[in-house]
Amino acid sequence: MTEIPAELIPKIPILVLTMILILLSAAFARRFGLGRDISLAGTRALIQILILASVILLLFEMSIYWSVLMLLAMTAIAGHTTYARSGKLEKGLPMSIISILLASVLLLTPFFLLNIFPLEARYLIPTGSIFIGNAMNISSLAIDRYKGEIKNKRNEIEAYLALGASPKIATAACLTQGINSALIPSIDNMKNLGLVWIPGVMTGLLLGGADPLEAASIQIALFTSIMAAGMLASSLLLHFSTESFFTGAWQLRDDLE
Amino acid sequence: MTHLELKDVSKAVWRNVNGTKIRSQIISNIDLVVQRGDLVTIMGPSGSGKTTFLRLINRLSETDSGDILLNNRNIKDYPPVELRRKVGMVFQVPVVFRGSVRDNLGFGMKLWGEDIDLNVLARDADIPESLLDAGAEQLSVGEKQRVCIARALANRPEILLLDEPTSSLDMESARIIEELLLGLCEEKDLTIFWVTHEMEQAKRIVGRRFVLNKGRLEEEHD
């Protein structure tokens, strides 16, 4: 029988604990109709992170071109996740990808232009993934809420349309609500930054020997940029997706899921 | 002079029956010619397609086949913004927008960049001047319906579609709104489609009376 290498032994209980937690969470979430979602997402996350762990050091050695390509691939996956959350809206996939890409590039660039981080794969990939991941989360929340608002406020929207208002005017309040709701977790996190939780980048920088004030400055700059990227991505997505809920004759579609 | 003409218009909708979607033909090959200034009452049981019939005229819903002509021009050839300005609609359940009564009445003005005397508009719809700056969402259902009527009239429509405008109101408010609308019909040069399921109300409305039954529109004669 093959023996388990000694360096893997402490990691086994962690992985077992993770699997147990995924199973328990999925079992608990069944009552909310989320059992399948949680078990699938948990299993995917576990496999993906294990694969990442085995290649991450190689990724950090990649050239800058390859790391940009890698970030583009991440954006495509993030865009697909948001697109699925939108109920697969017409033109939703390109709109999701472009919104997340534009917002992330715009808010990430200053960190490298100002030399806060050196333009190397080991910095570009992790920070880029934070921006893309957060923009995806906020966009998914925003589009889900926007779609719900449009469905629930059909009477109000049709009252606007009947007066000659365009779909953009008719859905303006729903759009605001969608973005507001999506930003609640980020705003709450920002309010409690350093009080309820100590953010990861700052912790990493401190453990790496950085000056606490410098680490804090980078953390707050990253934090606000991430929120701004999320807000921008979700605004773009909701703005461009409005037409997908309507026909060319400004009729609210009947087939909204 | 022909104002609105329906030529062989049909429409089916999908209905959810016990979790199964069933296609139901609610408007079948309807032909109708309406002259400018006509007051047309449409009756029919619940679910007979009265609301859908009205929604086809301002294109909130699309016909499956047939043509609707407004001033001898197919409504599909009008930009939606122009069609809906010409064809106003008052819904069964009044929906007011966030803001004051004045904001609601001035909505069209803002949209079209025109100047309308809101005080005159409010007076026409029997809205007291003291209510103009009140929050529209705080009003009673009857008051909200008056705001919706005034808001539709602010667009100066040629045709007004009334989808059971009194059915969600108590008897007293319903009577006031009905009198208001009948007064406006006489006063303004409007072609009106008035959907109702109340036989008594239909009798009080002087004009052409139709019954929508099994997708067909049948004119009633006294």
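Author: In this predicted model, the centres of domain 1 and domain 2 of chain A, taken over C-alpha atoms, are separated by 26 Å.

Reader: What makes these two stretches of chain A domains?

Author: The domain assignment of chain A gives domain 1 as residues 1–60 and domain 2 as residues 63–245. Such bounds come from an automatic or database domain assignment, so the name "domain" here rests on that assignment.

Reader: How many residues does each chain bring to the contact between chain A and chain B?

Author: Chain A brings 13 residues and chain B brings 19 residues. Helix H6 of chain A, residues 154–162, gives the most to the side of chain A that touches chain B, namely six residues. That side has eight nonpolar, three polar and two charged residues.

Reader: Why are E2 and E5 of chain B called edge strands?

Author: They belong to an open sheet of four strands, with the order E2-E1-E4-E5 and antiparallel pairing. Strand E2 (20–35) and strand E5 (73–74) of chain B each pair on one side only.

Reader: What makes E6 and E10 the edges of the six-stranded sheet of chain B?

Author: The order of that open sheet is E6-E7-E8-E3-E9-E10, with mixed pairing. Strand E6 (87–90) and strand E10 (216–220) each have a single partner strand, so one side of each is left without a neighbour in the sheet. Neighbouring strands of this sheet are turned by 20 degrees against each other on average, direction ignored.

Reader: In which sense do E6(B) and E7(B) pair, and over how many bridges?

Author: E6(B) and strand E7 (residues 159–163) of chain B pair in the parallel sense over four bridges. The bridge partner of B:Gly88 in E7(B) is B:Leu160.

Reader: Which strands does helix H1 of chain B lie across?

Author: Helix H1 (residues 50–57) lies across E1, E2 and strand E4 (65–70) of chain B, at about 130 degrees to E1(B). H1(B) also lies across E3, E6, E7, E8 and E9 of chain B, running at about 155 degrees to E8(B).

Terms used
Residues numbered from 1 in each chain as written. Chains lettered and ligands numbered in written order. Predicted model: local features only at pLDDT ≥ 70, side-chain atom pairs only at ≥ 80, totals over all residues. Pairing = 2+ DSSP bridges. Helix = DSSP H or I, 4+ residues; strand = E, 2+ residues; numbered from the N terminus. Contact = placed C-beta atoms within 7 Å. Axes fitted to C-alpha atoms, helices over the stretch in contact; angles between N-to-C directions. Nonpolar A, V, L, I, M, F, W, Y, C, P; charged D, E, K, R; others polar.
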